[in-house]
Amino acid sequence: MGTTDGFTRIEFEAIELLANIRSNQGKVGEIKASIEAVGLRVPLEVQYKHVTGKRTTDGKEVHSRFFLIDGYTRYAAIAKIREENRKAFADVPVLLKKCSDREAKLAMLVANVPREALGILDTGNAIKMLQNLEYSTKDIATAIERKSGV
């Protein structure tokens with residue numbers, strides 16, 4: 001499932017969101033309070049893509065894009081903190097993964113299924129999305145079992 005480049009720090013504003021497979025982000029307030037108290041202790045997991053020919057709105061050339069794979073609630077909590085203080089968490093720790101879009105979506109499911117916060121409907125929608133990307137039911141089940149230790 002792709003390769004891991006390792007841990008680094010990137011600008012928070014550089015992280016782009018893929019569609020989150022979880023419909024419930026209910027613990028943002030709790031996570032925000034925790035991050036304010038002790039910092040971001042678990043890095044966000046992002047898909048890294050090298051790009052060419054892209055420019056920001058102010059004309060700067062872009063060489064890298066980062067898409068959030070795991071850590072949507074932490075991301076939302078940091079965004080709320082930054083609403084109050086734009087200088088807070090200007091850069092954040094991340095785990096970089098070089099992987100395809102298809103692998104990134106599987107990683108999102110694998111990261112979320114063992115959590116109680118991913119309900120049956122969200123799990124079903126995520127599995128359907130992966131099947132549409134031509135993952136077999138066996139491949140999906142194997143990936144989930146590997147993560148949850150079943």
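**Buried, paired and packed: reading the terms**

Mentor: In α2, the buried residues are Tyr72, Thr73, Arg74, Tyr75, Ala77, Ile78, Ile81 and Arg82. The model is a predicted one, in which local features need pLDDT of at least 70 and side-chain atom pairs count only at pLDDT 80 or more, whereas totals for chains, interfaces and linings use all residues. Residues are numbered from 1 along each chain as its sequence is written, and side-chain values use heavy atoms, with hydrogens and water left out.

Trainee: What makes Tyr75 count as buried or exposed?

Mentor: Tyr75 has a relative accessible area of 15%, and buried means under 20%, exposed over 50% and partly exposed in between, with a 1.4 Å probe and protein chains only. Tyr75 is therefore buried. By that reading, buried residues make up 37% of the 150 residues in the protein chain.

Trainee: How many aromatic pairs does a search of the whole structure find, and why is the pair of Phe12 and Tyr75 called what it is?

Mentor: The search finds two aromatic pairs. Rings of Phe, Tyr and Trp (its six-membered ring) pair if their centres lie within 6.5 Å, and planes under 30 degrees apart count as stacked, over 60 as edge-to-face and the rest as tilted. Phe12 and Tyr75 are 4.6 Å apart centre to centre with 25° between the planes, and the pair is stacked. Phe12 lies in the loop between β1 (3–11) and β2 (15–17), while Tyr75 belongs to helix α2 (residues 72–84), so the pair ties together parts that are 63 residues apart in sequence. Phe12 is buried, with a relative accessible area of 3%.

Trainee: What are the rings of Tyr48 and Phe66 called, and why?

Mentor: Their centres are 5.9 Å apart and their planes stand at 45°, so this pair is tilted. Tyr48 in strand β3 (residues 44–55) and Phe66 in strand β4 (residues 61–70) are 18 residues apart, and the pair links distant parts of the chain. Both residues are buried, with relative accessible areas of 19% for Tyr48 and 11% for Phe66.

Trainee: What makes the largest nonpolar core a core, and which of its 25 residues touch the most other members?

Mentor: A nonpolar core is a set of buried Ala, Val, Leu, Ile, Met, Phe, Trp, Tyr and Cys residues joined through side-chain atoms within 4.5 Å. Ile15, Leu44, Val46, Leu68, Val92 and Val94 touch the most other members of the 25-residue core. Two or more residues each come from α1 (28–38), β3, β4, α2, β5 (91–98) and α3 (101–112), with α2 giving the most, at five residues. Leaving aside residues up to four places away in sequence, Ile15 touches Ile10, Leu44, Val46, Phe66, Leu68, Tyr75, Val92 and Val94, where contact means heavy atoms within 4.5 Å. A second, separate core has eight residues, among them Leu106, Leu109, Ala126 and Ala143. In soluble globular proteins, nonpolar side chains tend to be buried together.

Trainee: How do you know whether β5 is enclosed, and in which sense do β3 and β5 pair?

Mentor: Six of the eight residues of β5 are buried, so this strand is largely enclosed by the rest of the structure. Two strands pair if DSSP finds at least two bridges between them; β3 and β5 have four, and they pair in the parallel sense. Gln47 stands opposite Lys97 in β5.
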